[in-house]
Amino acid sequence: MNKGAASGIMEALWGWPPPVFDPAGPYASSVTTLAWVLLALGVAVTGIVIAALYVAIKGPERWRKKLGGEKAVWIGGIAFPAVVLTGLLIWGLALTASLTEPIRGREARVRVTGEMWWFRVEYLDPAGRVIVRDANELHLPLDRPVVLELRSADVVHSIWIPHLSGKMDMVPGRINQLRVEASRTGRFGGVCAEYCGGPHALMGFVTQVHEAADYDRWLAARAARQAQPVAAGATPGRPGAVVRDPAEPQRYDPALGWTLFRDTGCAACHRIAGTEANGLAGPDLTHVGSRLSLGAGILPNHRGTMIGWIADSQSIKPGNRMPSYDRLSAEELGHIAAFLEAQK
Amino acid sequence: MQQVAVAAALLTVVACKPPPDDRTSLSADAAERGKAVIERVSCGSCHAIPGIDWPRGGAAPSLEDFDDVGLIAGALPNTPGNLAAFVRDAPAAKPGSTMPPMPITAAEAEDVAAYLYGMNDE
Ligand SMILES: [Cu+2]
């Protein structure tokens, strides 16, 4: 289950130790090393400046002269920063070079596309064909490097999962690569780290790390569901997945929910594999029933948030590109939510 | 080393806190916990709720003046017990209610009720 409101974003930015100092994999570790060194240098320089200030105000006459002399400016103002910053740049680039290494062998590949204001996620096979379409969450195998192929559909976005890797821009018309690897299982939050307009601050996602064998099973199951042929008439979903909740006999009907979904126009923007719904303007909803969040990492996923989002996403995430459906009745929203919950 | 000491000190502080008890008092503690529950499950995705900055969804009535309503959802006498039962499983508490059951425990529902009653006293 979900930890809470703004969960993906909260998990990326909050916590103790702070996520940047709590790496969960080798790529993030090198970023953490860099962060500590920068912090230490920052503290050292601040210390030196404070000491110099003290000397300048209260120090003995002879010291003050020296501090104000030309030599001090040459050393402290030019030589020191030039040497330290150059060294830091070279060392930092070398340390983090591994993050952007191109694909070497059979690393898993996932294409992540920044969209205003959510993340399109596509799992690729070794030949680069899309086998699973998803959104707003990334599933990773434990201890295996994964190469993210980063694109943008509109403006510049940036992807940042502090526990797992560095920050990398998603630039329109370019493909950037970023490696991630996790050495412990669990959930890690991510955010868009480049202002991209409107509800940018509500653009996040969730990463889930599985044991390698679990990941393989998970991916195979999803790929099978995605390859399901279009079955006219039938209510979509994994076979057997559309069961009525015994606690709520017949109140909300997933089959009716599907009809409403199709006829209300949701299908024009959302795809559900194996159905006529093949819209691409919004997140793929084939697996929305097991999504770890709603609204791009900002809401937990349950019946209440699902209805709240569909009825009035514009209040929750002002400016996002899905209209609010306040014209749907509470009953209709219940049927649609029951249908979407069954899309695992 | 110092970090470890600080962490250990924090741990003792946490450990000294008495375990949460089951009393249904409308204490400030309960209200505080209730607020955390409301944020976690995001009641705000349908309701505007005093003290909750975000989200403030428009799918359901605002709870701004909820303190004063006579009947919960126009049906149930406004008592702590009824409110706790309603916020946890509205269709069970008020047959036909369109507020869906929420994923919270009975104890959490009591905390939520404490928060909803305390809202405008601040
Ligand atoms: Cu952004």
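In this predicted model, the centres of domain 1 and domain 2 of chain A, taken over C-alpha atoms, lie 36 Å apart. To place these units in the chain: domain 1 of chain A covers residues 24-99, domain 2 covers 108-226, and domain 3 covers 254-341.

Let me stay with the boundary between domain 1 and domain 2 of chain A. Eight residues of domain 1 of chain A are in contact with 15 residues of domain 2 of chain A. Together the two domains bury about 800 Å², and carbon and sulfur atoms give 57% of that area. On the side of domain 1 of chain A, the residues that lose the most area to domain 2 are A:Ala24, A:Tyr27 and A:Leu99, which together account for 70% of what that side buries. By class, that side of domain 1 of chain A has six nonpolar residues, two polar residues and no charged residues.

Which specific interactions does the rule find across this boundary? Between domain 1 and domain 2 of chain A there are zero salt bridges. The count of polar contacts between domain 1 and domain 2 of chain A is four residue pairs, with both residues at pLDDT 80 or more.

I turn now to the interface between the chains. How many residues does each chain bring to the contact? Chain B supplies 19 residues and chain A supplies 23 residues. The area buried between chain B and chain A is about 1,500 Å², with carbon and sulfur atoms giving 67% of the total. No salt bridge is counted between chain B and chain A. Four residue pairs are in polar contact across the interface of chain B and chain A, again with both residues at pLDDT 80 or more.

As for the elements involved, helix H2 of chain B, residues 28-41, provides the largest share of the side of chain B that touches chain A, namely three residues. Sorted by class, that side of chain B comprises nine nonpolar, seven polar and three charged residues.

Where is B:Asp65 placed? B:Asp65 sits in the loop between H2 and strand E1 of chain B, the strand being residues 71-72. Is B:Asp65 buried or exposed? B:Asp65 counts as exposed because its relative accessibility is 57%, and the cut-off for that class is over 50%. The C-alpha atom of B:Asp65 is separated by 12 Å from that of B:Gly51, a residue 14 positions away along the chain.

Technical notes: Residues numbered from 1 in each chain as written. Chains lettered and ligands numbered in written order. Predicted model: local features only at pLDDT ≥ 70, side-chain atom pairs only at ≥ 80, totals over all residues. Heavy atoms only, no water. Contact = heavy atoms within 4.5 Å. Buried area = accessible area lost by both parts, 1.4 Å probe. Salt bridge = Lys/Arg side-chain N within 4 Å of Asp/Glu carboxyl O. Polar contact = N/O pair within 3.5 Å; in protein donor to acceptor, adjacent residues only side chain to side chain. Helix = DSSP H or I, 4+ residues; strand = E, 2+ residues; numbered from the N terminus. Nonpolar A, V, L, I, M, F, W, Y, C, P; charged D, E, K, R; others polar. Buried < 20%, exposed > 50% of the residue type's maximum accessible area, 1.4 Å probe, protein only. Domains from an automatic or database assignment.
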